[in-house]
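Open your viewer and get ready to select residues one stop after another. Each stop tells you what to pick and what to look for.

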Amino acid sequence: MEHLPIYMQLHGREALVVGAGPVATRKAALLLEAGARVRLRAPEYSDASERLLREQPESISRDPGVYDTECLDRVAIVIAATDDAAVNRQVSEDCVARSIPVNVADQPELCSFILPAIVERGPLTIAIGSGGRAPVLVRLLRAKIESLIPTGYGRLADLAGRLRDRVRARFDHVNARRAFWERAFAGPATELALAGRMDAAEARLEQELADAATSTPGEVYLIGAGPGDPDLLTFRALRLLQQADVVVYDRLVSSEVVNLARREAERFYVGKERDHHCVPQEEISALLSRLAREGKRVARLKGGDPFVFGRGGEELDVLARHGVAYQVVPGITAASGCSAYAGIPLTHRDHAQSVRFITGHTREGRLDVDWSQLTSTRETLVFYMGRKGVGEICRGLKGAGRAGQTPAAIIENGTTARQRVVTGTLDTLAARAEREQVGSPSLIVIGEVAACHARLAWFQPDAGATTVFPQPMPMSRAGSRAAAASAA
Amino acid sequence: MVQVQVREWALRSLADLLTFRALRLLLQADVVVYDRLVSSEVVNLARREAERFYVGKERDRHCVPQEEISALLSRLAREGKRVARLKGGDPFVFGRGGEELDVLARDGVAYQVVPGITAASGCAAYAGIPLTHRDHAQSVRFITGHTREGRLDVDWSQLTSTRETLVFYMGRKGVGEICRGLKGAGRAGQTPAAIIENGTTARQRVVSGTLDTLAARAEREQVGSPSLIVIGEVAACHTLLSWFQPDAGATTVFPQPMPMSGAGSRAAAASAA
């Protein structure tokens, strides 16, 4: 973070603006909105500044003259907006020496604070900044946010402010207060407020407050976080994650996803390395149960989908036995994510009418798989296993009668910026994966569809899937990204 | 854009399983081409000015032939438009996404693929049926049953493993034949089975039984479309693990924790049903 975003209380405090041109006047108006008493220091005054001085004589005053350090006495905040670079620099240096927050218009290097773009809805204020790097981007983003947030949110925030003390008195614990507000902001009272029916909204909220149980119910959210790209999280996962008091997560969950939780949420890492479980499964289940019974809302984040090799069922068995409430959020399983980003359809009219997801647990050093069940040439096989399994899988399938020419692929770090796809056949994949030093996590796809990668690949890990929409490729095949993206 | 917020409050549960990436690309699109299985709430998330093409497929009755859909996508893109092709579930799991990409790649059209929550994952999560489970299933198979000459085109002899979950992307009409086919191949009549209608939505219904009983129960309950059939030991987990109350929605209120006494209607249903 380049700057710490804070909201500063300026009611009745002294603010100095050096300069009285149009820019300085705009800054002065902003300070006035925040309740500051503004002094305008300048040798002469623009028409715009004269107008402001006339409009609000009680809170803005004239301080004629050129800048000198005495202007800084008793000042809480300073903005310099003169057209004299030397003066601007001097103001900045003097303020920094006195630890007075200072902003110089359009010169981020001279600022000890910068002013964000602001979206305002009554007391609700959204500040957007780019550390001074991309003001235009910030402006575009602001326009987007303006269009997303109904004006009713301001009324809603006012209403919440009125009830705040009573809610605080009703619930002893901060978790209970938060749970009340989260319910309120997702419920009918909010819809009434957004529809402008403020009296009805307030009555409804008061009713809910009166009816609310004073202790919070604990609960577990079993959440599939998807295969790696944080962009593949679902909105439901995000919502539950953000209301959780505790996050319990695995090795395969990206840090971007974990960081979407509230800052104050406790975090438990129970990561599982393959062949080396950091925390035994029974302990994880017991931990979830214990936290929920303490009244906490627990987000249990798993890579992929919790019900596809996620051992989610085992955890729920324990929760159900202990009478703990839970919800399950499906996630994009690795097979879906990797196949989409590798351009390998899992089913295809011409090649595969079914798809099978298999994990290979080793038992006594060998894969515990019944190869004789895997002989259909019209089915795609997806092995949730790393490179170490490739050799044995290819041998097993050939041993059961599958052709050595059967296409096969291994996808490493699927859906992420580090994705690699190595393709081959049952005869060749093991050696290629070895040569390319394919690492973990990875996924193996076997069947005719694996050959589609050559034709259908589109994802360029360097560019990311998340950047720009690729331009449509000109029929001439010019244009590097377009050509690579569409036909690779 | 304005639509987004309005929808968000009223109907968000229906777009709740959309991914961030899907929404972002949808919001950028100039044209939306969508199927029958995509909810109107999701389609409405697109920009108001975006053109909309409905190419819905009823089962056994494709409104627009697949070739025409692919040609449409290709044509629109070559006109310089950004086209969002919305499919129910995951485009690469019985979504015929591969066929559409074959055409686009041939025509030199650029594309991106956004994976989705496939029906098996979504329905399993909301029905409390783990697709894999240490004690019951070490693998899971997704099968669609296209009928060929009035019969399902499935090799039943390949579906005999008791440690595998089978998910049929088929409606009620297939239940009887699937159960008979599996029993004919040697699966026990007591094998647990479930059919999930309108999975993940406020109209979700789960009917469970066994290979012996499911067809009759689904018939009696008049299970409709879309639905999904899950067969294997895990289907029995529904009784213990189900949590989703379609009426309340997954998104509304927090269920209360179940008092150990078993009192409290919502709590009991949510945690242990």
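In which loop of chain A is A:Arg311 found? Select A:Arg311 and look to either side. The loop runs between strand S13 (297–302) and helix H12 (312–321) of chain A. Keep in mind that this is a predicted model.

Stay on A:Arg311 and check its backbone. Its phi is near 60 degrees, a positive value in a residue other than glycine. Most residues other than glycine have a negative phi. Now show the surface. A:Arg311 has 22% relative accessibility, so A:Arg311 counts as partly exposed.

**Next stop: A:Asn413**

Select A:Asn413. Here too phi is positive in a residue other than glycine, near 50 degrees. The residue sits in the loop between strand S19 (407–412) and strand S20 (420–425) of chain A. Is A:Asn413 buried or exposed? A:Asn413 is buried, because its relative accessible area is 12% and the cut-off for buried is under 20%.

**Two cis peptide bonds**

Most peptide bonds are trans. Now look for cis ones. Select A:Ser440 and A:Pro441. The bond from A:Ser440 to A:Pro441 is cis, with omega near -5 degrees. A:Pro441 belongs to the loop between helix H15 (429–435) and strand S21 (442–446) of chain A.

Jump to chain B. Select B:Ser225 and B:Pro226. The peptide bond that leads from B:Ser225 to B:Pro226 is cis, and omega is near -5 degrees. Find B:Pro226 in the loop between helix H8 (214–220) and strand S12 (227–231) of chain B.

**Another proline in chain B**

Select B:Pro115. Its loop joins helix H5 (97–106) and helix H6 (119–127) of chain B. B:Pro115 counts as buried because its relative accessibility is 2%.

**A pair of helices in chain A**

Return to chain A. Select helix H5 (residues 152–170) and helix H6 (residues 174–185) of chain A. Their axes come within 12 Å and cross at roughly 150 degrees. H5(A) and H6(A) are therefore roughly antiparallel to each other. Their crossing is right-handed.

**Last stop: a surface patch**

Which residues make the nonpolar surface patch of about 420 Å²? Select A:Met1, A:Leu4 and A:Ile6 to see the patch. A:Leu4 lies in the segment before strand S1 (14–18) of chain A. A:Leu4 counts as exposed because its relative accessibility is 66%, and exposed means over 50%.

Key:
Residues are numbered from 1 along each chain as its sequence is written. Chains are lettered from A and ligands numbered from 1 in the order in which they are written. This is a predicted model: local features need pLDDT of at least 70, side-chain atom pairs count only at pLDDT 80 or more; totals for chains, interfaces and linings use all residues. Side-chain values use heavy atoms; hydrogens and water are left out. Patches are made of residues with over 30% relative accessible area and no salt bridge: like charges are joined within 9 Å, nonpolar side chains (Val, Leu, Ile, Met, Phe, Trp, Tyr) within 5 Å. Accessible areas come from the Shrake-Rupley method with a 1.4 Å probe; for residues, only the protein chains shown count as cover. A salt bridge is a side-chain nitrogen of Lys or Arg within 4 Å of a carboxyl oxygen of Asp or Glu. Helices (H or I, at least four residues) and strands (E, at least two) are DSSP runs, numbered from the N terminus. Buried means under 20% relative accessible area, exposed over 50%, partly exposed in between (1.4 Å probe, protein chains only). Axes are lines fitted to C-alpha atoms, for helices over the stretch in contact, and angles run from 0 to 180 degrees between N-to-C directions. Angles under 35 degrees count as roughly parallel, over 145 as roughly antiparallel, 65 to 115 as roughly perpendicular and the rest as oblique. A crossing is left-handed if the near helix is turned anticlockwise from the far one by less than a right angle, and right-handed if clockwise.
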